[in-house]
Amino acid sequence: MFEVFLYLLENYTAISNCPDAPTLARRLANEGFDEFEVRSAVLWVEQLRRPLVITHLKDVSETSQRIYHDTERTQLGNDNIALLAQLEANRSITAVQREYIIERAMMLPHMIHRADVFKALLLTILWAHEHDIDDVLLHALIDEIGDETLH
């Protein structure tokens, strides 16, 4: 699945440049991705196209600390929460982007404790929000992902 996300990032500068679901599915299949990966990726892209409205972050201070609910901790896992905190502390993401990442991750039907899966999801969420993914952020998210996750 990670390779599909990298394909999207490399071939479409923004989600608005990504084709409709049937065309995307056809292109991914033509690239050799298996059927499950194609369906999962197309579904994820379609979910990312639907906007989220988060209104409770109007006045976030730099000294604010995010407290995670037990269900968020269960869904995300402590290591992934620590990664979000690190990215925010390094100013790679904002507090608002962190909240979008959390909300999108909470929408998934399964827990995402694997770091490689979370990093791939995080990249696509930032891509969908047209966040500039510079080399530093990209390498911070993919350098630790081993070859075993690639298909």
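The structure is a predicted model, in which local features need pLDDT of at least 70 and side-chain atom pairs count only at pLDDT 80 or more, while totals for chains, interfaces and linings use all residues. Residues are numbered from 1 along each chain as its sequence is written, and side-chain values use heavy atoms, with hydrogens and water left out.

## Overall make-up

The secondary structure of the protein chain comes to 8 helices and 0 strands, where helices (H or I, at least four residues) and strands (E, at least two) are DSSP runs numbered from the N terminus. Of the 151 residues of the chain, 44% count as buried; here buried means under 20% relative accessible area, exposed means over 50%, and partly exposed lies in between (1.4 Å probe, protein chains only). Among contacts between residues at least 6 apart in sequence, 70% join residues at least 24 apart, a contact being heavy atoms within 4.5 Å.

## Helix 7 and its two partners

Helix 7 (residues 115–128) packs against helix 6 (residues 95–106) and against helix 1 (residues 2–11). The angles in the table run from 0 to 180 degrees between N-to-C directions, and the axes are lines fitted to C-alpha atoms, for helices over the stretch in contact.

| Helix pair | Angle | Axis separation |
|---|---|---|
| Helix 6 and helix 7 | roughly 120 degrees | within 10 Å |
| Helix 1 and helix 7 | about 20 degrees | 10 Å |

Angles under 35 degrees count as roughly parallel, over 145 as roughly antiparallel, 65 to 115 as roughly perpendicular and the rest as oblique. Helix 6 and helix 7 are therefore oblique to each other, whereas helix 1 and helix 7 are roughly parallel. The crossing of helix 1 and helix 7 is left-handed, and the contact is made by Phe-2, Phe-5, Leu-8 and Leu-9 of helix 1 with Asp-116, Ala-120, Leu-121, Leu-123, Thr-124 and Trp-127 of helix 7. By class, this contact of helix 1 with helix 7 has 8 nonpolar, 1 polar and 1 charged residues, with Ala, Val, Leu, Ile, Met, Phe, Trp, Tyr, Cys and Pro counted as nonpolar, Asp, Glu, Lys and Arg as charged, and the others, Gly among them, as polar.

Helix 6 passes helix 7 in a right-handed crossing; a crossing is left-handed if the near helix is turned anticlockwise from the far one by less than a right angle, and right-handed if clockwise. In this pair, Gln-97, Tyr-100, Ile-101 and Arg-104 of helix 6 meet Phe-118, Leu-122, Ile-125 and Leu-126 of helix 7, and the contact has 6 nonpolar, 1 polar and 1 charged residues.

Thr-124, which lies in helix 7, counts as buried at 1% relative accessibility. Leaving aside neighbours within four places in sequence, Thr-124 is in contact with Phe-5, Trp-44 and Leu-48, and a polar contact of 2.7 Å joins the side chains of Thr-124 and Trp-44. A polar contact is a pair of N or O atoms within 3.5 Å; within protein, one must be able to donate a hydrogen and the other to accept it, and residues adjacent in sequence count only if both atoms are side-chain atoms.

Arg-27, found in helix 2 (residues 21–30), is partly exposed, with a relative accessible area of 38%. Not counting residues up to four places away in sequence, Arg-27 touches Tyr-7, Tyr-12 and Pro-19, and its side chain makes a polar contact of 3.1 Å with that of Tyr-12.

Asp-132 lies in the loop between helix 7 and helix 8 (135–142) and counts as exposed at 60% relative accessibility.
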